[in-house]
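Look at the sequence and the model together, and keep both in view while reading.

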Amino acid sequence: MKKRLFIAFNLPDETKKHISSLILELDKLNKRVAIKWVKPQLLHLTLHFLGYLDKNQEEQIIKTLSEAVANYRVAKVETGAIGAFPNSISPRIIYLECREVEGDIIGSLQ
């Protein structure tokens with residue numbers, strides 16, 4: 001069985017709480033469309049979408065990434081504007097812009 005996989009950063013619990021509060025506010029403002037919001041524990045910063053991969057591919061990616069990130073320090077990120085695509089009238093995905101504050105750890109990992 002293939003899984004839909006991507007490479008992502010986990011977010012600190014405090015950041016997830018902040019974003020969860022933002023989601024609640026957005027949900028209150030939305031009167032037209034039922035939106036399926038991401039559960040707080042699943043919030044993340046996506047680096048790259050890999051597609052649908054089988055178990056062997058998943059295991060190899062986990063091994064390779066674990067070795068690749070072993071010497072990196074934690075990236076500091078700040079949030080920015082809220083966006084949506086394909087557009088804000090009929091969004092398929094709603095996102096929160098993020099920018100790295102110090103260094104280029106994220107860019108280097110990508």
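A pocket, as the word is used here, is an open set of grid points with protein on both sides within 12 Å along at least five of seven lines. Its volume is the space filled by probe spheres set on those points. The model to which this is applied is predicted. In this model the second largest pocket has a volume of about 250 Å³. Its lining is made of 15 residues, and Asn-30, Ile-35, Ser-88, Pro-91 and Ile-94 are the ones that lie nearest its centre. Helix H1 and strand E3 each supply at least two residues of this lining. Strand E3 gives the most, with 3 residues.

Now take the chain as a whole. It has 3 helices and 4 strands. Read from the N terminus, these elements follow the order β-α-β-α-β-β-α. The C-alpha atoms fill a box of roughly 45 × 40 × 25 Å, taken along the principal axes. Of the 110 residues in the chain, 15% are buried. The chain exposes about 8,800 Å², and carbon and sulfur atoms supply 56% of that area. Contacts can also be sorted by how far apart the two residues are in sequence. Among contacts between residues at least 6 apart, 62% join residues at least 24 apart.

Helix H1, which covers residues 13–29, holds Ser-20. Is Ser-20 buried or exposed? Its relative accessibility is 18%, and the limit for buried is under 20%, so Ser-20 counts as buried. Leaving out residues up to four places away in sequence, Ser-20 touches Pro-40 and Leu-43.

Glu-25 is partly exposed, with a relative accessible area of 44%. Lys-28 has a relative accessible area of 54% and is exposed.

The structure holds 6 salt bridges. Lys-76 counts as partly exposed at 46% relative accessibility, and Glu-102 is partly exposed with a relative accessible area of 38%.

Another salt bridge joins the side chains of Glu-78 and Arg-99, at 3.6 Å from N to O. Glu-78 lies in strand E3 and Arg-99 in strand E4, so the pair ties together parts that are 21 residues apart in sequence. Glu-78 is partly exposed, with a relative accessible area of 40%. Arg-99 counts as partly exposed as well, at 35% relative accessibility. Glu-78 and Arg-99 are also linked with Glu-97 in a network of salt bridges.

The loop between E3 and strand E4 (93–100) contains Pro-86. A cis peptide bond joins Phe-85 and Pro-86, with omega at about 10°.

Next, consider Val-74, which sits in the loop between helix H2 (55–69) and E3. With a relative accessibility of 70%, Val-74 counts as exposed, because the limit for exposed is over 50%. How many residues separate Val-74 from Phe-9 in sequence? The two are 65 residues apart in sequence, while their C-alpha atoms are 9.8 Å apart in space.

The last stop is on the surface. Phe-6, Phe-49 and Tyr-52 form a nonpolar patch there, and together they have about 320 Å² of accessible area. Tyr-52 belongs to strand E2, which covers residues 44–53. The relative accessibility of Tyr-52 is 53%, so this residue counts as exposed.

Terms used. Residues numbered from 1 in each chain as written. Predicted model: local features only at pLDDT ≥ 70, side-chain atom pairs only at ≥ 80, totals over all residues. Heavy atoms only, no water. Buried < 20%, exposed > 50% of the residue type's maximum accessible area, 1.4 Å probe, protein only. Contact = heavy atoms within 4.5 Å. Patch = residues over 30% accessible without salt bridge, like charges linked within 9 Å, V, L, I, M, F, W, Y side chains within 5 Å. Areas by Shrake-Rupley, 256 points an atom, 1.4 Å probe, with all protein chains shown as cover. Salt bridge = Lys/Arg side-chain N within 4 Å of Asp/Glu carboxyl O. 1 Å grid on protein atoms, 1.4 Å probe; cavity = no way out; pocket = protein on both sides within 12 Å on 5 of 7 lines; lining within 4 Å.
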